[in-house]
Amino acid sequence: MHANERMLRALARVSARAVLHVARRFAPVLDAGIVDEGGCAYLAYCRARVALPAGPNETGRECWVNSLHVEDWYRTHVLLAALGFSDAVFALWEKQHGRRDGLVCLISKNRVAGSARHAVVWKMHRHRPGQDWLAADLSGYDDAVLELTSCNDITLVKERLCLRA
């Protein structure tokens, strides 16, 4: 797990008592599964709605396609929803591929220009050495950024939240 200071502050404001039933709202995305195409892993739901961009490497194509605005699915507790969705995607990956490693989920939070609202964007890509979507130093980002590489990372975040409860 990698997070910048902005994300750590954002997570510190999350209600540790909030409970979300992520699978229900994200069911159309999760039920469609993950498809492999041209060496890339895509959420089938997202792939059906987005044309592949020309030019970027595999990681760039995956992040372009596998991108959801969590606030379109949830109005409150969007960071918890993004964490829960990541957890469900990791479980789906393990079920379909028989392994727990190899996938990266990214969550970013930023203020919508001219508004008091925040956007929470979720992305996913396969782990490939030398093809990172994010810079190694997350402190350079203006947005709050979190990189998750397994369900264990999500467990760590949830444990931190529960320790505050």
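Cys40 is buried, at a relative accessible area of 1%, where buried denotes under 20% relative accessible area, exposed over 50% and partly exposed in between (1.4 Å probe, protein chains only). The structure is a predicted model, in which local features need pLDDT of at least 70, side-chain atom pairs count only at pLDDT 80 or more, and totals for chains, interfaces and linings use all residues. Residues are numbered from 1 along each chain as its sequence is written, and side-chain values use heavy atoms, with hydrogens and water left out.

To stay with the cysteines for a moment, the structure holds 0 disulfides, a disulfide being a pair of cysteine sulfur atoms within 2.5 Å. For Cys40, which is in no disulfide, the nearest cysteine sulfur belongs to Cys63 and lies 10 Å away. Cys46 is likewise in no disulfide, and the sulfur of Cys105, its nearest, is 11 Å away. Cys46 also counts as buried, with 4% relative accessibility.

Next comes the nonpolar interior. A nonpolar core is taken as a set of buried Ala, Val, Leu, Ile, Met, Phe, Trp, Tyr and Cys residues joined through side-chain atoms within 4.5 Å. The largest such core has 43 residues, and those with the most contacts inside it are Phe26, Leu43, Phe85, Val89, Ile107 and Trp122. Helix α6 (residues 78–97) supplies the largest share of this core, 11 residues; helices (H or I, at least four residues) and strands (E, at least two) are DSSP runs numbered from the N terminus. A second, separate core of 6 residues includes Cys63, Leu134, Leu138 and Val145. Not counting residues up to four places away in sequence, Leu43 touches Val29, Gly33, Ile34, Asn66, Phe85, Val89, Trp122 and Met124, with contact meaning heavy atoms within 4.5 Å.

The strands come together in an open sheet of 5, ordered β1-β7-β5-β6-β4 with antiparallel pairing; two strands pair if DSSP finds at least two bridges between them. Because β1 (2–3) and β4 (67–69) each have a single partner strand, they stand at the edges, and one side of each is left without a neighbour in the sheet. The antiparallel pairing of β4 with β6 (residues 118–126) runs over 3 bridges, and Leu68 has Trp122 as its bridge partner in β6.

Leaving aside neighbours within four places in sequence, the contacts of His125 include Thr59, Glu62, Cys63, Gln131 and Trp133.
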